[in-house]
Amino acid sequence: MQRNWIGRSEGTLVDFQLEGNAGAAGSKISVFTTRVDTIFGATSIQLAPEHPMVTDFTRYNQVLGAEVEKLIAEQRKAKEAGDIGEIEKHGVNTYRHAINPFSGEKIPIWIANYILMDYGTGAIMSVPAHDERDYDFAKKYKIEIRLVILPVTDDPEATMAEPQLPFTVHDGMTINSGAFSGISCADAIKKMSAYAEEKGFGKATVTYRLKDWGISRQRYWGTPIPMLYCEKDGIVPVPEKDLPVILPDKVEITLTGGSPLGRVPEFVNAKCPKCGGSARRETDTMDTFVDSSWYFYRYTDAHNDRAPFDEKIAQYWFGDRGIDQYIGGVEHAILHLIYSRFWTKFMRDLGMITNDEPVERLFTQGMVIKDGAKMSKSLGNVVSPDEMVARYGADAARLYSLFAAPPDRDLDWQDSGIEGIQRFLGRVYRFFVRNPAASHAHAETLQATSLQGDARAIQRKLHQTIKRVSDDFQGRWHFNTCISAIMELVNVLYASEEAIAKHAVPAAFLVDVQRNLVLLLAPFAPYLAHELWEMIGEKGSLLRAPWPKYDAELAKEEELEIPVQVNGKLRGRVSVPADADEALVLERALVEEKVKAAIAGKQIVKKIYVPGKMVNIVVK
């Protein structure tokens, strides 16, 4: 996203002279194009509604001016909605013409609502045969569509056949392009850029979508810009010994007439540190984005009154890699995050820090959606966390938010979902109340490999759950699958309650299961986890207890259920020992009743076994 926002483009800047105005001031339209090889296919010039030349065109043409105002309004509305790329394309013909410097041809000048002034030069050459947006515009307003590129294939006849328009190809061949016809697009770009520079109407260049950052604002609330204006010495920085510049207390905020600071004489009037004469203090303040670009460095040394921060303290915290993990909305990518990168490199170049980047890893969370729309105060669809906590408890509200979707996906909020989570937490609590194994558990000793029956099934599921929760929590941050795994473990425990009641599950093992279940649940439902921690007789702090570890041997399945397909369609399943080899799996697959029926009377072409996963029998 940042690369796109910076928008580095290599291309050619080409000047189109206005018809009849050659040599006059403001008589040319500069166009930046990455595909100068298509310039012979340009059948119009299109200007952004706010292009400076549009003012000249509308000065004595009120009808055109009114049309342009409509285009500006459409563009503004689309920008506010964030869908400028999907805007319905409208335009107005100026009935003025520009001269294509390569062909000498006159082409009409249009003003179009989908051309942006802050991108490139605010003007494009429209090549409808080879650009989808230009094609749509040309079809709508009946502007000529001219083919100037053909794709190159191994078949000479196919090369000369006109393809369906519009199309873009970078390794094609030029046609209908005068002296530049019959060469590759890459060669044409080089030769035509050189020709434009030789003739003085263009040159190869690099442009950026990103523009210079104006950081000053006419606001009271902001960091003062420490500069003084002296009639003798010009712009003079405030000496370091006089920093920081402090905002005055008594300021009238009128929202008119520039910065409020400009009306505070005791702030504005100062002495020039160079000549001692009168000077005027800068009254603009810095955009708050400046502060948000480096505040996290200040955190390392927040009480320093001599510098932004001590370099050694910042080095201790940041090292050479920066912050380990940043969590934030994706909308930050081209705002706060890109500014923080600029500022980090700026401070690195000053020698204040040693890290090149502010953050090592980025995780962007999804949005909360309710009633089909992004949850927001303006839409009135906000769910009050206080209300949810009051109705369902803090653990249920927290657990539902984590369970309903992975954290990087949008969460579709449903009140019925949180009710289901509340019921699950009730099940966990009731299991502990009904099975108080803690009172006599520690009197027993137990070998982990000695368990049988239901106890072994619980043990296997416990270690599988520890592995799954650990992997999904630490590696992928898929908290929803962590919670799902814990739910599966609780289901196994409930299915084994009869065996527990008959003491077929040793008490010492059961309390170990309960203890590990509490530890697994703690990051997601901390209040209930602390309650259960005390219930099973634990005396130490739950927060200081080590995370459980799984045993790969104990997590192993004793039997696997293998799906069997015939020609890719599921026909049956077979149970085999977990360590069964391919021969045994295929033998059982071929005698499974539904599989036998599916292959009866047919020739087996191939038998495919994906170990532990599936069998596919190919027949004809």
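Which residue forms a salt bridge with arginine 59, and how far apart are the closest N and O atoms? I looked this up in a predicted model. The partner of arginine 59 is aspartate 56, with the closest N and O atoms 3.1 Å apart.

**Salt bridges**

I checked the cover of this pair next. Arginine 59 counts as partly exposed because its relative accessibility is 48%. Aspartate 56 also falls in the partly exposed class, because its relative accessibility is 41%.

I then looked up the total, and the structure holds 27 salt bridges. I went through two further pairs.

Arginine 306 is paired with aspartate 305, and their closest N and O atoms are 3.6 Å apart. I noted both arginine 306 and aspartate 305 as exposed.

Arginine 391 bridges to glutamate 387, where the closest N and O atoms are 3.6 Å apart. I looked up where the two sit in the chain. Arginine 391 and glutamate 387 are both in helix 12, residues 385-392, and because they are four residues apart there, about one helical turn separates them. For arginine 391 I noted 44% relative accessibility, so it counts as partly exposed. Glutamate 387 has a relative accessible area of 42%, so it is partly exposed.

I also looked for bridges that share partners. Arg321, Asp324, Glu360 and Arg361 are joined by such salt bridges into one network.

**Cysteines**

How many disulfides does the count come to? I used a cut-off of 2.5 Å between cysteine sulfur atoms, and the count comes to zero.

The cysteine sulfur nearest to that of cysteine 230 belongs to cysteine 275 and is 3.6 Å away. A disulfide needs the two sulfur atoms within 2.5 Å, and cysteine 230 is in no disulfide. Cysteine 230 counts as buried because its relative accessibility is 8%.

For cysteine 272, the nearest cysteine sulfur is that of cysteine 230, at 3.7 Å.

**Histidine 336**

Is histidine 336 buried or exposed? Its relative accessibility is 10%, so histidine 336 counts as buried. I placed histidine 336 in helix 11, which covers residues 336-349.

I listed its contacts, leaving aside neighbours within four places in sequence. Histidine 336 is in contact with Phe289, Ser292, Tyr295, Phe296 and Tyr326. I looked at serine 292 in more detail. A polar atom of the histidine 336 side chain lies 2.9 Å from the backbone oxygen of serine 292.

**Surface patch**

Which residues form a nonpolar patch on the surface with Met535? I found Tyr429 and Val433 there. Together, Tyr429, Val433 and Met535 have about 240 Å² of accessible area.

I followed up on methionine 535. It lies in helix 20, residues 526-535. Methionine 535 counts as partly exposed because its relative accessibility is 32%. Patch members need over 30% relative accessible area, and I noted that methionine 535 has 32% relative accessibility.

Methods
Residues numbered from 1 in each chain as written. Predicted model: local features only at pLDDT ≥ 70, side-chain atom pairs only at ≥ 80, totals over all residues. Heavy atoms only, no water. Patch = residues over 30% accessible without salt bridge, like charges linked within 9 Å, V, L, I, M, F, W, Y side chains within 5 Å. Areas by Shrake-Rupley, 256 points an atom, 1.4 Å probe, with all protein chains shown as cover. Salt bridge = Lys/Arg side-chain N within 4 Å of Asp/Glu carboxyl O. Helix = DSSP H or I, 4+ residues; strand = E, 2+ residues; numbered from the N terminus. Buried < 20%, exposed > 50% of the residue type's maximum accessible area, 1.4 Å probe, protein only. Polar contact = N/O pair within 3.5 Å; in protein donor to acceptor, adjacent residues only side chain to side chain. Contact = heavy atoms within 4.5 Å.
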